[in-house]
Amino acid sequence: MLDQHVSYEVPAAGYRRYSQALTQAGFAGAIEDNYASRLLAATDNSVYQLLPQLVIFPRDTADLQLALQLAQREDFLDLTFSPRGGGTGTNGQSLNQGIIIDLSRTFKNILEIAPEQAWVRCQTGVVKDALNDAVREHGLFFSPDLSTSNRATIGGMINTDASGQGSLVYGKTSDHILGLQAVLINGEVIETAPVSVAEAQRRAHGESMEASLYRQAIATCIGKRSAIEAKFPPLNRFLTGYDLKHCYDPQAQTIDLSRLLAGSEGTLAFITEAKLNLTAIPRHKVLVNISYRNFDAALRHAPVLVKARATSVETIDNTVLNLARNDIIWDSVREHLSEGQADQPMDGINMVEYTAVDQAEIDAKLQQLIAILERELEAGANNQHGVVGYKICDQADSIQTIYAMRKKAVGLLGAVKGERKPIAFAEDTAVPPESLADFISEFRGLLDQHELQYGMFGHVDAGVLHVRPALDMKVPADEQMLRRISDKVAALTAKYGGLMWGEHGKGFRSEYAPTFFGPELYTELQKIKAAFDPDNRLNPGKLATPFGHPTAQLVSVDARKRGFFDRQIPIAARASYQAALNCNGNGLCFNYAEASPMCPSYKVTGDRRNSPKGRATLIREWLRLNAREGVDVSAEAPQKSWFWRFPKRQNASDFNHQVKASMDACLACKACASECPVKVDVPQFRAKFLQWYYHLYRRPLRDYLVASVERTVPLMAKWPRISNALTHNGLSQWLFAKVFGYVDTPKLSVPNLQQQWQQDWLSGNVEQLQAMDAKERQNIVVIVQDPFTSFYQAEVVVAFAKVVARMGYQPYLLDFIGNGKALHVKGFLSQFRRVVQRVSKQLNAVAELAIPMVGLDAATVLVMRDEYREFRGAPQNYKVQLVHEWLCEHLAELQQFKGVHEGSADLLTHCTEQTAVPTTAKQWQQVFASVGKTIKPVATGCCGMAGTYGHEIEQLEHSKRLFAMSWQQPLAASAQPLATGFSCRCQTHRMQATETTKLRQDVRHPVQLLADLLS
Ligand SMILES: Cc1cc2nc3c(=O)[nH]c(=O)nc-3n(C[C@H](O)[C@H](O)[C@H](O)COP(=O)(O)OP(=O)(O)OC[C@H]3O[C@@H](n4cnc5c(N)ncnc54)[C@H](O)[C@@H]3O)c2cc1C
Ligand code: SF4
Ligand code: SF4
């Protein structure tokens, strides 16, 4: 069947009309009605999936007002809206089947910083860590913490009243709001801040919506004060959404509407700006790791630790602890933990942190805690609180190591094998800390009774417990279990005087609100909602329905879930695209930080379709839609002749193209494969998708050019001068750009590698190696060539050979046998399979001779370790080492070359290597330290080249912007820059040619510097 285009649901007619009217009205932002954008706004980190009709990105407040004012037109009155920030909510807070208004792309400005008064004013699409980057130089920070701080926005934090570690001292987001700007459903803009009750009464007069808000706030928050005080639990994680208790301050006699908006989950207004107070950055920090005989003992000790004035007390249960114990990370933390005694081993832990601006303050608190712990230990094995030991970390890196262990172990929980995966639905309960141990004991009983796997961790100081039981939402029985457990957890938290939503907000758990608040106060919440949104158009169904609304209903945990869609994908297709299915939407790949490798294509486009989550989401839907059309995409696509494939313009409404556009923007840098907590490996499924896509549509000629590189380049490199002259004249450059869409190809090395290879060094094929006797082979180091370094930067291979020779070994240049990376990247999978099997056969033969093998280019070496696995057929018994890996095994030999070398060099590692082999920079430091040279690693993201991406004409602009983002500045500042990646060196070389970059010199591979130092 030739016509295999994949159709999808288009927006409903009313929404299409609204979209057109909005454009005509002069809306300046983006209006996205394509299926891919809508899918991206259909999920967050929860189990729910609701497809919106449109996603709009207003450019500024006026634009947002325009959109909402237009929605007041008679024919648009049934349209609904939900605000969205980072989309990291765990309970579907930002999901809606109407229009999503996303402020995260455009509302990103820091507007004003007042260091003397310690406040900042910003737009609400600013990411929390970005805000802290902006104020750090003033010694200040925005202190409410949350784990998603590198992608959650200030708007999202305000609307979920976010908080996390250290909340006893730093409070919740609402504790730091000095004022807000918000746009109401009718387009009216209000400014909120505490005002005297008299002023509130004055503002309550009139016809404006703002007046009715003040009328209702006074009536509820002052009028119902005693009922509110009786109901709201006295917890650190106080009850928000809507925070009736703190909206009125009886001491100060003020009313503050900001307190109603904080935690309102987008149900009352769009918050566009926030004035936030800042806290002095604590200069001193100490972490005391207390070991217990079990988890229960750790929990029961928490109140004592809180009384000892800790900034935070964090815990992990024995499941999480054991995950850490069995992970490589344990090697780095064991010295900072007391393992207890032989008869009382550690099986529980509390991490107690003290922070202060002043060291004396920390010392005093620490002494108090140590006295408590020593008394426990003196009481012997059966001491009251089960303390079996403690250790103090007072260095930043040891503290960091302990938190990294906690973070990694929690991440490992998410990567459990099997179809049941940890999911959020009762993951942030809060009870009074003194009841936490009993509460957890009952909670565990409930989960054990259902035979569920889980790990627990939390902020014991605040009584907050994090637990994500593993369920398979594709299975209807597990979906029903979610409902049963939710009900029981809601009842359990109520029994212990706590909250089911201690940290992450209510979302689809809003159905429990009426029971929790009771009829009198729930009615007050409804009246507040009615004052802001009488027609139930703002994030409808969340938190409360408007008072008096005839049809409005609360959402429930039975809402449509992602599992409903995933279960429609055939099992074989799920297995083939498992990585995409595994994405749980936590949004770590939306990391804003430019110096982080994750994910360059999202960073440079700012479009969530171009993120790992975006690609996983689109692939899942693509699998489902194909299954619906009866197409089996799990099989390798049949090959058709080029002539018969469709020109791309046919079937423009084909969803295949939307998926393809997202895949095209991927650099195949592989950061996702390592950095994502569940290892969503986009290049792996991207290659499969491309292979499928190109059995339907014609490939661009460029792909064939790239795919043939391993055959053509070795030939061209035999006569490098002639080849360079043929390929680098004006006409051929023009043809390359016009015909292939390919620019800035590097020049072949002159002289070529063979010409530079010294006479006394060896070279040849595997058979020649086999023909040698054991003695001849004993000092050989085989260089496994890649198609880039060998032909375009032969001097790097030569430098490595020089190092090898100086160290007393014999370099052996193995004849070029190929690698196949380019074939995989472009989705030529059957050809890739053939290369993998051929290369593996040859390298297996070398491995049998017990000769070390080293590859110069990390990106191609790592393909052998990763992509090869699925295609190799026979077992792979060889390991090609990276240069630094081999050198690190020979540090003692390097020390004979130790000298005194002035200055330090800066090391920029290739992003694939950085994420797949995170020890790279450290190992290079060790290598150079052995010869007396200092190397400083520089944190960078992707250089923007990533193999072929940077040469593709349609990606050129993005490639250059990526370079400017995190490479240009450190390179310009460096006197001696080194880069491990071939792509990175090529990119730097090309950017050197431009006037704007101000790069002083070419970057070299570190092994070139090493060769100089050894010579
Ligand atoms: C792995 C993981 C760990 C987490 N850890 C924590 C934690 O430690 N502490 C914590 O508090 N939370 C935590 N969360 C939950 C989540 O990150 C927070 O709720 C966060 O504040 C949401 O911010 P966001 O920008 O992603 O908002 P979104 O998810 O986009 O939206 C959240 C709510 O805010 C509303 N909203 C967003 N922007 C606006 C705006 N400008 N105006 C009006 N309404 C708006 C939305 O409609 C929605 O109701 C965690 C989530 C995950 C996935
Ligand atoms: S791709 Fe990975 S990091 Fe991104 S949302 Fe999915 S699971 Fe999280
Ligand atoms: S390979 Fe790189 S660019 Fe592509 S999705 Fe993964 S992190 Fe993003």
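## A nonpolar surface patch

Helix α31 gives the largest share of the nonpolar patch, 4 residues. The model described here is predicted. The patch lies on the surface and is formed by L701, Y704, L731, W734, L735 and V739. Together these residues have about 580 Å² of accessible area.

Two elements give two or more residues each to this patch: α28, residues 701-707, and α31, residues 730-740. Y704 has its place in helix α28.

## Around ligand 2

Ligand 2 is surrounded by 13 residues. The closest are C583, N586, G587, C589 and C676. By class, the shell around ligand 2 divides into 8 nonpolar, 4 polar and 1 charged.

## Around ligand 3

Ligand 3 also has a shell, and 13 residues make it up. C599, R615, C666, C669 and C672 are the closest. The class division for ligand 3 is 10 nonpolar, 1 polar and 2 charged.

## Salt bridges

Side chains of opposite charge can pair when their charged atoms come close. The structure holds 52 salt bridges. One of them joins R105 and E32. Their closest N and O atoms are 3.1 Å apart.

## Backbone details in two loops

Which form does the peptide bond from V750 to P751 take, cis or trans? The bond is cis, with omega near -5°. P751 has its place in the loop between α31 and α32, the latter spanning 753-756. Helix α31 is also the element with the largest share of the nonpolar patch.

The second detail concerns N536. Phi of N536 is near 60°. That is a positive value in a residue other than glycine. N536 is in the loop between α19 (513-532) and α20 (562-566).

Terms used:
Residues are numbered from 1 along each chain as its sequence is written. Chains are lettered from A and ligands numbered from 1 in the order in which they are written. This is a predicted model: local features need pLDDT of at least 70, side-chain atom pairs count only at pLDDT 80 or more; totals for chains, interfaces and linings use all residues. Side-chain values use heavy atoms; hydrogens and water are left out. A residue is near a molecule or strand if one of its heavy atoms lies within 4 Å of it. Ala, Val, Leu, Ile, Met, Phe, Trp, Tyr, Cys and Pro count as nonpolar, Asp, Glu, Lys and Arg as charged, and the others, Gly among them, as polar. Patches are made of residues with over 30% relative accessible area and no salt bridge: like charges are joined within 9 Å, nonpolar side chains (Val, Leu, Ile, Met, Phe, Trp, Tyr) within 5 Å. Accessible areas come from the Shrake-Rupley method with a 1.4 Å probe; for residues, only the protein chains shown count as cover. A salt bridge is a side-chain nitrogen of Lys or Arg within 4 Å of a carboxyl oxygen of Asp or Glu.
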